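I opened the notebook for a friendly look around this model. Here are my entries, in the order I made them.

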Amino acid sequence: MVTKNRSANLPKGLLGDRRSARLREAMARAGVRIDESGRGQIKTKGGSASVVLEPDGFITVRTSRAGFDIPPDPRAILKTGTLSHGNARFARHKARYRMAAETRVDGIDHLPESLDEILNQFRSMMTGRHPRKRRSDPVPDPVPDAAVAVRRSVESQGWTSEHCVETDYGWELQTRLAGRAVPVEVRAEESGIHVTRCVLSSLPTDDLVGRVVAHQALLFNDRLRFARLAVVDGQLVAETRVRAGLIDPDWLEFSSRAVASAAAGVTSTMRVLAEEDVLSRPYAEMFFDA
């Protein structure tokens, strides 16, 4: 899902309706206090991140910088954070790196956990370590079975084989974009689902071309919404992860569409850069020292 940045000026009523108090309370529990324009700040290990409540009910989180020394090879960056829940990712913004993620207002009650999840993923991506549970943390509720949650969502919607097919690895959802079906893979994991679509079956073996492809992927990561480009098992994929407690028909379809849209928006460019190595030298001269 590639979009242009939206204005943070919210229509009157979005923060003034009867949900306003619940929304503000939920975000405050995650350490975010938003002003009348829908903007706020949240502390991270390396500083702070901006939180913007957008008119369509999307919530974007962006750090001002990455928060630690970035590896010189962009391919290494794309491998970092792919196990993160949600869509937390490294992105190339202008001449610097930052971390980015999104969630939705949808339901409100999930927001404290979802925003906390984003911050934990940012910390994990910066340190390379999964956050450790503190003794003071409450005992979490049992994690729902992700596969059961997906199956219930499919059955409740009455999706036919034209929309969803169960496979050996999980499910294949047929997301329709501009009148055509775009297949997306959904795999159940211990704590949720992994939604993916392949962009490149392998990274270029040529060192310069590989770095160019990875650099462009990180530029795209700054424009994507609710999905990220990452290297998984040697492939460049568009992906997101959804924790088990969020899986329902709406989140399943929304996440699948985000991944399908992201892949559709970047694949042609990524393939040209990967296959036309004559472009690599001028690209490298423009963006980094070759």
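**Entry: T240.** I looked up T240 and found it in strand 11; helices (H or I, at least four residues) and strands (E, at least two) are DSSP runs, numbered from the N terminus. This is a predicted model, in which local features need pLDDT of at least 70, side-chain atom pairs count only at pLDDT 80 or more, and totals for chains, interfaces and linings use all residues. Residues are numbered from 1 along each chain as its sequence is written, and side-chain values use heavy atoms, with hydrogens and water left out.

T240 has a relative accessible area of 3%, so I noted it as buried; buried means under 20% relative accessible area, exposed over 50%, and partly exposed in between (1.4 Å probe, protein chains only). I then checked its side chain, which reaches the backbone oxygen of G86 at 3.2 Å. A polar contact here is a pair of N or O atoms within 3.5 Å; within protein, one must be able to donate a hydrogen and the other to accept it, and residues adjacent in sequence count only if both atoms are side-chain atoms. Leaving out residues up to four places away in sequence, T240 touches G86, N87, I193, H194, V195, F226, A227, S255 and V259, where contact means heavy atoms within 4.5 Å.

**Entry: helix 6.** Next I went to S256, which sits in helix 6 (residues 249–275). S256 is buried at 1% relative accessible area. A polar atom of the S256 side chain lies 2.8 Å from the backbone oxygen of L252. Beyond four places in sequence, S256 touches L173, T175, V184, V186 and V195.

A263 also lies in helix 6, and I read its relative accessible area as 0%, so A263 is buried. R197, V199 and A238 touch A263, again not counting residues up to four places away.

**Entry: the core.** Which residues have the most contacts inside the largest nonpolar core? I listed M27, F122, I193, V199, L229, L236 and M270, in a core of 77 residues. Such a core is a set of buried Ala, Val, Leu, Ile, Met, Phe, Trp, Tyr and Cys residues joined through side-chain atoms within 4.5 Å. Neighbours within four places aside, the contacts of V199 include L229, L236, A263 and M270.

**Entry: helix 3.** Helix 3 (residues 111–127) has 17 residues and reaches 24 Å from its first C-alpha to its last, close to the 24 Å expected at 1.5 Å a residue. I found 12 of those 17 residues buried, so helix 3 is largely enclosed by the rest of the structure. Among the buried ones are L115, I118, F122 and M126. Their cover includes helix 1 (20–29), strand 1 (39–44) and strand 11 (235–243).

**Entry: A188.** Is A188, at 34% relative accessibility, buried, exposed or partly exposed? I put A188 down as partly exposed. A188 is found in strand 8 (residues 180–188) and touches A146, A147, W171 and I193, not counting residues up to four places away in sequence. From A188 to R241 I noted 9.8 Å, C-alpha to C-alpha, for residues 53 apart in sequence.

How values were computed: Expected span 1.5 Å × (residues − 1).
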